[in-house]
Amino acid sequence: MPNESFVRSGREENADRAVLSAPALSTTPSQGAHGAVVELIDVGKVFGATTALSHVNLKVARGETVAIVGPSGSGKTTLLRCINFLVPYDSGRVYVNGQLVGYREERGRLVRDSEHNVNQVRKRIGMVFQRFNLFRHRTVLGNLLEGPLYVLRVPKREALTRAYEVLNMVGLADKVTAYPDQLSGGQQQRVAIARALCMQPEVMLFDEVTSALDPELVGEVLAVMRRLAQQGMTMIVVTHEMSFARDVADRVAFMEGGTIVVDQGAREFFTRPQTPRIESFLRRMSLA
Amino acid sequence: MLQFARDYLPFYTIGAVVGMGLTLTSMLGSVAIGLVGALGRVSERPAVRTLASGYVAIFRGVPPLVLLYVVYFGLPSWAHDLGIRFLMDLLSPLNNRILAAVVAFALNSGAYSTEIIRASIQSIPPEQTEAARSLGMSYWLTMRRVIIPQSLRVAFAPLGNEFITVLKGTSLASVIGVTELMRDAQLAAAATFQNLVAYSLAAIFYVVMVIILQQMVSMVEKRFSLHHA
Ligand SMILES: Nc1ncnc2c1ncn2[C@@H]1O[C@H](COP(=O)(O)OP(=O)(O)OP(=O)(O)O)[C@@H](O)[C@H]1O
Ligand SMILES: [Mg+2]
């Protein structure tokens, strides 16, 4: 599998860079010379009788956007959740910034890591869900401040400044005092993205974030994600939006039966489908 | 009747205020117990869950009147008979009628509050927890910042009903001589021999208090709700 994905250069001149760059939280030394932000090695997960993941390998470099596509039930969500350990994988290893997630090594064996250490990893990973999952009892601003104030424990002033910057970036500066149920789905999803960005994550995980939206609201969310990618955010995007995968992702990983069967450059993935299976998948997505 | 009302209205009013005060303090204890109990009921540790369920099973089963007798007549004298200094110091405050009533009502109502708050915690979609955990929040931080604040909004109305139940239950405190509304009615009846009038006036007082409370609960509930649209 060709893993030598290119890291796009020339993003530094982007005007919005100040908002979104700066992996300010590199408290752990990056392991390995390759400097992958996320690396999955031979990851497996079994739910009862269902093998959700088996032998998954994936490497995502800093600044890269990887789209994960594949049929329903192929394990895309499970893969994403293993990265921040919302799903505890049961074989293989997941590294984020060179740090093993969810386990630590003791005399050559892996033992479950403490809740505290898992949280340390999680706060550097942003996750956006299909159904937004905003805190219903908090305003937009409240949603954005929750993590920075209570998890990162940054000073209120700093958290506020950042929250307003991010809200401007997602175009919702006029909604600070609104409650989630007073917003459209597209607006809620942009707030959810903003909430994750306020944590200054090293990587953002998106799980079909436009699937629950009315068609006319999909565009505004994709636009925000596109901008993020251009600004150099590292992103792993599970999506059914093939045009987004084609235009924005650097690479596409195609999943089937719990594993990544093809991982290649986005352009090649769409122009030269490697297997008949992918061809028919793309045809079904009406884009081949 | 009118003459009776004119004579005894201030007397009843004081009784009503005492009853309301009893209810407020008991409910404060009840909700505090309910919070701890509910957290116990949803705990990941089986021993803690069992403890919390045990409390609920026992205190929901004991009639409040029996509990009142145990707390007021039973506990302090039991400690005295045992002669254990620590227990005597701990339980002698229960010789105070009002305190004994508050403790008994709070323990009784606490079992119901535990179940109300537990149900409200479990009604919060698990996605809320997931979102919190994905931000790096610990179990307790998630509880404190996300789950409890939302579930208290859900629990508000049923806790309001519980408040009304406790208010009516405070009439039981008359049997240990707390001069709340019911006790006042008994005294008025004894002094005038107008039983029907004396107790009916007390009934009217209760009804009015409950109606006012109900209004307040639904007013606050609207402002406090998770639905803002
Ligand atoms: N919590 C769970 N318990 C049991 N089985 C699960 C659980 N989560 C996922 N699975 C199973 O694991 C497999 C992979 O599921 P997953 O949700 O990762 O697929 P997906 O690719 O995200 O599908 P979709 O496109 O429908 O979202 C499925 O067979 C699913 O039924
Ligand atoms: Mg999924």
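In this predicted model, the shell around ligand 1 has three nonpolar, seven polar and two charged residues. Its members include Phe47(A), Thr50(A), Ala52(A) and Pro71(A). Two elements of chain A, β2 (50-61) and α2 (76-83), each supply at least two of the residues. The most comes from α2(A), which gives three.

The side chain of Lys76(A) places an N or O atom 2.7 Å from an oxygen atom of ligand 1. For Gly75(A), a backbone N or O atom lies 3.0 Å from a ligand oxygen. The side chain of Glu208(A) has an N or O atom 3.2 Å from an oxygen atom of ligand 1. Taken alone, the ligand exposes 640 Å², and the protein buries 60% of that.

Chain A also meets chain B. Each chain gives 25 residues to the contact. About 2300 Å² is buried between the two chains, 53% of it on carbon and sulfur atoms. Three salt bridges are found across the interface. One joins the side chains of Glu115(A) and Arg133(B), at 2.7 Å from N to O. On the chain A side, two or more residues come from each of α3 (115-122), β8 (125-128) and α4 (140-152). The largest share, four residues, belongs to α4(A). By class, the chain A side comprises 10 nonpolar, six polar and nine charged residues.

Technical notes:
Residues are numbered from 1 along each chain as its sequence is written. Chains are lettered from A and ligands numbered from 1 in the order in which they are written. This is a predicted model: local features need pLDDT of at least 70, side-chain atom pairs count only at pLDDT 80 or more; totals for chains, interfaces and linings use all residues. Side-chain values use heavy atoms; hydrogens and water are left out. Contact means heavy atoms within 4.5 Å. Buried area is the accessible area (1.4 Å probe) that two parts lose on being put together, summed over both. A salt bridge is a side-chain nitrogen of Lys or Arg within 4 Å of a carboxyl oxygen of Asp or Glu. Ala, Val, Leu, Ile, Met, Phe, Trp, Tyr, Cys and Pro count as nonpolar, Asp, Glu, Lys and Arg as charged, and the others, Gly among them, as polar. A residue is near a molecule or strand if one of its heavy atoms lies within 4 Å of it. A polar contact is a pair of N or O atoms within 3.5 Å; within protein, one must be able to donate a hydrogen and the other to accept it, and residues adjacent in sequence count only if both atoms are side-chain atoms. Accessible areas come from the Shrake-Rupley method with a 1.4 Å probe; for residues, only the protein chains shown count as cover.
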